[in-house]
Amino acid sequence: MDMEKAIIKLTDDAKAAVAALDFSDVSGIQGKIDALMVRFLGKSGELTAVLRGMKDVSSEDKPRMGKLVNDARFMIEGLLKDAGNRAEAAVLDFKLKTEKIDITAPSVMQEKGALHPLTITRNMLVDYFVSMGFSVTDGPEIETDYYNFQALNIPSDHPARDSQDTFFITDNLLLRSQTSAAQVRTMEKVKPPIKMISPGRVYRADEVDATHSPVFHQIEGLVVDKGITLCDLKGILDAFAKHLFGEHTKTRLRPSFFPFTEPSVEVDASCVHCGGKGCKACKGAGWIEILGAGMVNRRVLQVCGIDPDVYSGFAFGMGIDRITNLKFGVTDMRLLFENDVRFLKNFR
Ligand code: PHE
């Protein structure tokens, strides 16, 4: 009988196909079993083809044929399921063998990141002034000509602009050349007493060399209240220098000029390396300049709506990069910006 033969052939074929499977081929085996599934049991597979012959089977043979077909389906399903289980086990076995972890091998050390030296210095400076009661404010790096220059008593034809040549975006917008712009922004908003610092990035049209960079960092300080004098400035900066470089550090003020402070001073600290005797680091002077400062110019107070007959104040601005170099003995500013890990590793 044709139908019966066809069923026997089908099961024989299925057995042969499963027997021919190569279970050592772990990457291909599952795909091959899936293909057999389609070939024998799929919608247009061989079992379906055999079933099509049912319509020609006499009604007395139908129950027997039906049972034979069902048995065949059951058997083929079982064969393929077993093959699937074997394949899974083979894949797992392969993985266990090849992905074995050697727990006796030396471990790969994770490199630990660290703060950039400039960040370390900035945090240290900010912490110190916060401990002295200063609040911290932020200012935009893209400034207007007004805040960066004019309100600081530097009109457009003022020679002080030469030393602070910067990058102009428009006639009126520029990359700030000094954090002093934050003084004006603060005094416009906050009325005295004011005691603030403002750290941030500043820009100048400078060529890169060991002591210059077109991008560097400053921290601005501003104190405005009734009766503030140069003594307060000297006192705070003296305490600051001692904190930064050690108890034996001395400070001195030298007359200087900034359009927005009057009088203006340059503050030096006794050389950290030689204690004031004179060495290579301080070029024999015994002193190292750490910042610029002065009493807030009356005109700046006025422009910000603060009465200079009632209030007075001092301001200072220091380079964070410079302090970093002094503190850590870095001799070339470029090292701070090149991000060479061999350099940065020293600050962990
Ligand atoms: N802004 C000045 C500079 O960049 C420094 C300064 C700040 C001087 C505050 C006096 C008062 O050189």
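Guide: Buried means under 20% relative accessible area, exposed means over 50%, and partly exposed lies in between. Keep those cut-offs at hand. The model above is predicted.

Visitor: Is Cys274 buried or exposed?
Guide: Cys274 has a relative accessible area of 14%. The cut-off for buried is under 20%. So Cys274 counts as buried.

Visitor: Which cysteine has the sulfur nearest to that of Cys274?
Guide: Cys274 is in no disulfide. Its nearest cysteine sulfur is 3.7 Å away. That sulfur belongs to Cys271.

Visitor: How many disulfides does the rule count?
Guide: Cys271 is buried, at 2% relative accessibility. Its closest cysteine sulfur, in Cys274, is too far for a bond. By the rule, the count of disulfides is 0.

Visitor: At what angle do helix H1 and helix H4 pack?
Guide: Two packed helices are described by the angle and the distance between their axes. H1 spans residues 2-19, and H4 spans residues 62-98. Their axes lie 10 Å apart. The angle is about 5 degrees.

Visitor: What does that angle make H1 relative to H4?
Guide: The angle is about 5 degrees. Angles under 35 degrees fall in one class. So H1 and H4 are roughly parallel.

Visitor: How many nonpolar residues are in the contact of H1 with H4?
Guide: H1 brings residues including Met3, Ile7, Leu10 and Ala14. H4 brings residues including Leu68, Val69, Met75 and Leu79. By class, the contact has 3 charged residues and 1 polar one, while the nonpolar count is 14.

Visitor: How far apart are the closest N and O atoms of Lys32 and Asp25?
Guide: Lys32 is partly exposed, at 42% relative accessible area. Asp25 is partly exposed too, at 23%. The two form a salt bridge, which needs nitrogen and oxygen within 4 Å. Their closest N and O atoms are apart by 3.1 Å.

Visitor: How many residues apart are Glu111 and Lys345?
Guide: Glu111 and Lys345 form a salt bridge, with closest N and O atoms 3.8 Å apart. Glu111 sits in the loop between H4 and helix H5, and Lys345 in the segment after helix H12. The pair links distant parts of the chain, and the separation in residues is 234.

Visitor: Which of these is exposed and which partly exposed, Glu111 or Lys345?
Guide: Lys345 has 40% relative accessibility, so it counts as partly exposed. Glu111 has a relative accessible area of 60%. The cut-off for exposed is over 50%. The exposed residue is Glu111.

Visitor: Which residue forms a salt bridge with Arg201?
Guide: Arg201 lies in strand E4. Its partner lies in the loop between strand E1 and strand E2, so the pair ties together parts 60 residues apart in sequence. The closest N and O atoms are 3.7 Å apart. The partner is Glu141.

Visitor: How many salt bridges does the whole structure have?
Guide: Some share partners: Arg252, Arg254, Asp268 and Glu289 are joined into one network. A search of the whole structure gives a total of 18.

Visitor: Which residue follows helix H10?
Guide: H10 spans residues 320-328, and its buried residues include Ile320, Ile323 and Leu326. The residue after H10 has a positive phi, near 70 degrees. That residue is Gly329.

Technical notes: Residues are numbered from 1 along each chain as its sequence is written. This is a predicted model: local features need pLDDT of at least 70, side-chain atom pairs count only at pLDDT 80 or more; totals for chains, interfaces and linings use all residues. Side-chain values use heavy atoms; hydrogens and water are left out. Axes are lines fitted to C-alpha atoms, for helices over the stretch in contact, and angles run from 0 to 180 degrees between N-to-C directions. Helices (H or I, at least four residues) and strands (E, at least two) are DSSP runs, numbered from the N terminus. Angles under 35 degrees count as roughly parallel, over 145 as roughly antiparallel, 65 to 115 as roughly perpendicular and the rest as oblique. Contact means heavy atoms within 4.5 Å. Ala, Val, Leu, Ile, Met, Phe, Trp, Tyr, Cys and Pro count as nonpolar, Asp, Glu, Lys and Arg as charged, and the others, Gly among them, as polar. A salt bridge is a side-chain nitrogen of Lys or Arg within 4 Å of a carboxyl oxygen of Asp or Glu. Buried means under 20% relative accessible area, exposed over 50%, partly exposed in between (1.4 Å probe, protein chains only). A disulfide is a pair of cysteine sulfur atoms within 2.5 Å.
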